[in-house]
Amino acid sequence: MRTLSLADAVALIPDGASLMIGGFMAVGTPESLVDELVRQGKRDLTVIANDTALPGVGIGKLVRARLVKKAIVSHIGLNPETQAQMIAGEMEVDLVPQGTLIERIRAGGFGLGGILTATGVGTVVEEGKQKVTIAGKEYLVEPALRADFALVHAFLADYLGNLAYALTGRNFNPVIAMAADTVIAATENVVPVGLISPDHVITPAPLVDYLIAQS
Amino acid sequence: MDAQTVIAKRIALELRDGMLVNLGIGIPTRVSNYVPAGMRVYFQSENGLIGTGAVPEEGMHHRLLTDAGGKPVTALPGASTFDSAMSFGLIRGGHLDMTVLGGLQVDQSGHLANWMIPGKMVPGMGGAMDLASGAKRVVIAMQHSAKGKSKVVKTCSLPLTSARPIDLLVSELAVIAFPGGRATLMETAPGVSVQQVLAATEAELVVPDKVAEMAI
């Protein structure tokens, strides 16, 4: 793990990169990294996240700056700007049931090729997908998801990069920290090594490549 | 009593001590206002919380503590938090006793449509498909009609949320269950007749000899 300045960390991300970004309606989204992506004008991004938040908030900042080429998300209902760009054909939006989305990411981080889920069977979600029957029940085959970068928000980190989260700010964060080639974590607080009890570390230090002490 | 209150109070009668329950946005959220005194019900927010409490007082909210709509909530003593994979494991894995969701249409075999209107509203399904497919019991809180048209229809014209039928539909007029895959009128709201329910319903309803009144 290395500590980097915010600008240097975001400079690692090329145009066209795929990014998993933590947060649920911007709660638990690393706003500092999002702001810096906008400032550096990273383009043609693929964003994998729960939602696109609200206009101009969290991931909504990337949408407003028109930096997102494709979004793989479960919900865009509270961001009319995403909907407008989707309808205008300026952004591709792949809507995935929330439980399927997070489990596809989990599979990507856990070394699995995909998952089987009954969610979406008999709906438009099953179109074009392989189905299997196990013990008489039908499931969709949903492939694993990985990304070039995970942008993680943590509440607490130590100087090794062990991470802990707070309340509903956890959401996608520890799961995406397993599923990307490079993990950049922005934390609200940094504490000495040993202060986070081993039992309370949610993301172990070796998973974190870069730590930014500015959430 | 307004329509939403009738629906929320009636659904609250489905709560049992110790249940793990997920409430959707809108009318479903109001069910938590009518938990019987002395009963402990665990409410889950799918963004990663069991033990969701009331909306905090002005100025007392924590920016990392919200419900599934991103609105500030409180966490009750005994609450727990977890990531989204765990949250949906609870939902799909048979651990969630009941979900209460809103609806756009419910048809006479119990199919639910509640996540999009093609060409008009494409918000994304969020957690609705997992909840409608995975919860042990699916209860729909829905006004009986919209703009003079029945939302309790013969066949859903809108895209389905799940192939699995719901267990119970509660509107401001009636309680409808689906024994044997057929919409059956179980109860009417106070002051509402069976004829009024039938007149407001597009679906074919099975009407038993005796239809009770909601005990709200």
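1. Conventions. Residues are numbered from 1 along each chain as its sequence is written, while chains are lettered from A and ligands numbered from 1 in the order in which they are written. As the model is predicted, local features need pLDDT of at least 70 and side-chain atom pairs count only at pLDDT 80 or more, whereas totals for chains, interfaces and linings use all residues.

2. Chain A overall. Chain A has 6 helices and 12 strands (DSSP runs numbered from the N terminus, with H or I over at least four residues for helices and E over at least two for strands). The radius of gyration of chain A is 17 Å, which agrees with the value near 17 Å for a compact globule of 215 residues (taken over C-alpha atoms; the rule is 2.2 Å times the number of residues to the power 0.38). The C-alpha trace spans about 50 × 45 × 30 Å along its principal axes.

3. Of the contacts between residues at least 6 apart in sequence, 71% join residues at least 24 apart (a contact means C-beta atoms, placed from the backbone, within 7 Å).

4. An open sheet. In chain A, 3 strands form an open antiparallel sheet in the order β6-β8-β7 (strands pair if DSSP finds at least two bridges between them). The edges are β6 (114-117) and β7 (131-134) of chain A; each has a single partner strand, so one side of each is left without a neighbour in the sheet. From one strand to the next the twist averages 35 degrees (axes are lines fitted to C-alpha atoms, for helices over the stretch in contact, and angles run from 0 to 180 degrees between N-to-C directions). β7(A) pairs with β8 (residues 137-143) of chain A over 4 bridges, and A:T133 stands opposite A:E138 in β8(A).

5. Helix α5 of chain A. This helix (residues 98-109) lies across β6 and β8 of chain A, at about 145 degrees to β6(A). A:V96 is found in the loop between β5 (92-95) and α5 of chain A. A:V96 is buried, with 25 other C-beta atoms within 10 Å. Leaving aside residues up to four places away in sequence, A:V96 touches A:I72, A:S74 and A:L101.

6. The largest nonpolar core. Among the 115 residues of this core, those touching the most other members include A:M20, A:A150 and B:I140 (a core is a set of buried Ala, Val, Leu, Ile, Met, Phe, Trp, Tyr and Cys residues joined through C-beta atoms within 7 Å). Strand β9 (residues 147-158) of chain A gives the largest share, 7 residues.

7. The contact between chains A and B. It takes 38 residues from chain A and 34 residues from chain B. On the side of chain A that touches chain B, α5(A) supplies the largest share, 5 residues. The buried residues of α3(B) pack against elements including α5 and α6 (173-176) of chain A. Among those buried residues of α3 (residues 84-92) of chain B are B:F88 and B:L90.

Conventions. Two residues are in contact if their C-beta atoms, placed from the backbone, lie within 7 Å. A residue is buried if 20 or more other C-beta atoms lie within 10 Å of its own, exposed if 12 or fewer, and partly exposed in between; C-beta atoms are placed from the backbone.
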